[in-house]
Amino acid sequence: MNFLKAEWKNLALVNYEIDAEILEKYLPTGTEIDIWDNKCYVSLVGFMFKNTRVLGLKVPFHIDFEEVNLRFYVKRFENGEWKRGVVFIKEIVPKKSITFIANTLYQEHYETQKMRHEIIEHQNTNTFIYQWKNDKEWNTIEIETKKDLSKIEIDSEAEFITEHYFGYTKIDEETTFEYEVTHSRWEQFEVVNHRIDIDFEKNYGSDFGFLQTQKPTSIFLAQGSKITVKNKRKLQILPVLKEMY
């Protein structure tokens, strides 16, 4: 049985170029940094979980909720092909039970904060807002888009950011968990304006404090789709044998 089924809707993807060395200590064993156009990215992603089912069941008060995460991109070579995936620095949700289950049973990096969202419809545009409260201060992702959908072009930056279908979790220096995320290819709304008001150091630590003053490399708003999370497994990583002299 699939672990989780849901819809991911209105994904705000705020992307920053970063020095790959900063991410090395977060890199799960058996994976390597995935880059696009010689750039290494981290993405701040805000979106809605809708119609969520865990192990086939809808849990009351845990069906529709916000999530904001900070993630980076990796790949893993297995059975003659590259698997492209993401690693989460932190995932923020408004439900303590979700945080408890994810961190206790799956050793993810969830945190519970008060959250809210809003979609403001204008005549020609929509504004999508995701907010979460950290130590009395509200953090904000606000993106205004045109209303018409367009396809995400093949080999584009937007495709690189959205088309990763595996998740990897670093348990320790020798252990990595892998899971698969399936969804249809997404479409996007053209972004015309944005406002990012976030205390990166307070939310994500000193390694990411510099993002406070860094301009995003790109910003996308993907419509989203139904998703499935499945096939979670512990990777068997063969140790690297060192030559003896």
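## Lysine 170 and glutamate 173

Lysine 170 has a relative accessible area of 18% and is therefore buried (under 20% relative accessible area; exposed is over 50%, partly exposed in between; 1.4 Å probe, protein chains only). Its salt-bridge partner is glutamate 173, with the closest N and O atoms 3.0 Å apart; a salt bridge is a side-chain nitrogen of Lys or Arg within 4 Å of a carboxyl oxygen of Asp or Glu. Glutamate 173 is exposed, because its relative accessibility is 58%.

## Model and confidence

This is a predicted model, in which local features need pLDDT of at least 70, side-chain atom pairs count only at pLDDT 80 or more, and totals for chains, interfaces and linings use all residues. Residues are numbered from 1 along each chain as its sequence is written, and side-chain values use heavy atoms, leaving out hydrogens and water.

The protein chain has a mean pLDDT (the predictor's confidence in each residue, from 0 to 100) of 91, with 92% of its residues at 70 or more. Residues 241-245 have pLDDT below 50 and, beyond near neighbours in sequence, zero contacts in the model (contact: heavy atoms within 4.5 Å).

Glutamate 178 lies in strand E11 (residues 175-183) and lysine 83 in strand E5 (residues 81-93), 95 residues apart; strands (E, at least two residues) are DSSP runs, numbered from the N terminus. Both glutamate 178 and lysine 83 are buried. A network of salt bridges links Arg76, Glu78, Lys83, Glu178 and Arg233.

Glutamate 111 and lysine 90 also pair, at 3.0 Å from N to O. Glutamate 111 belongs to strand E6 (residues 110-112) and lysine 90 to strand E5, 21 residues apart. Lysine 90 is buried because its relative accessible area is 15%, while glutamate 111, at 23%, counts as partly exposed.

Key. Helices (H or I, at least four residues) and strands (E, at least two) are DSSP runs, numbered from the N terminus.
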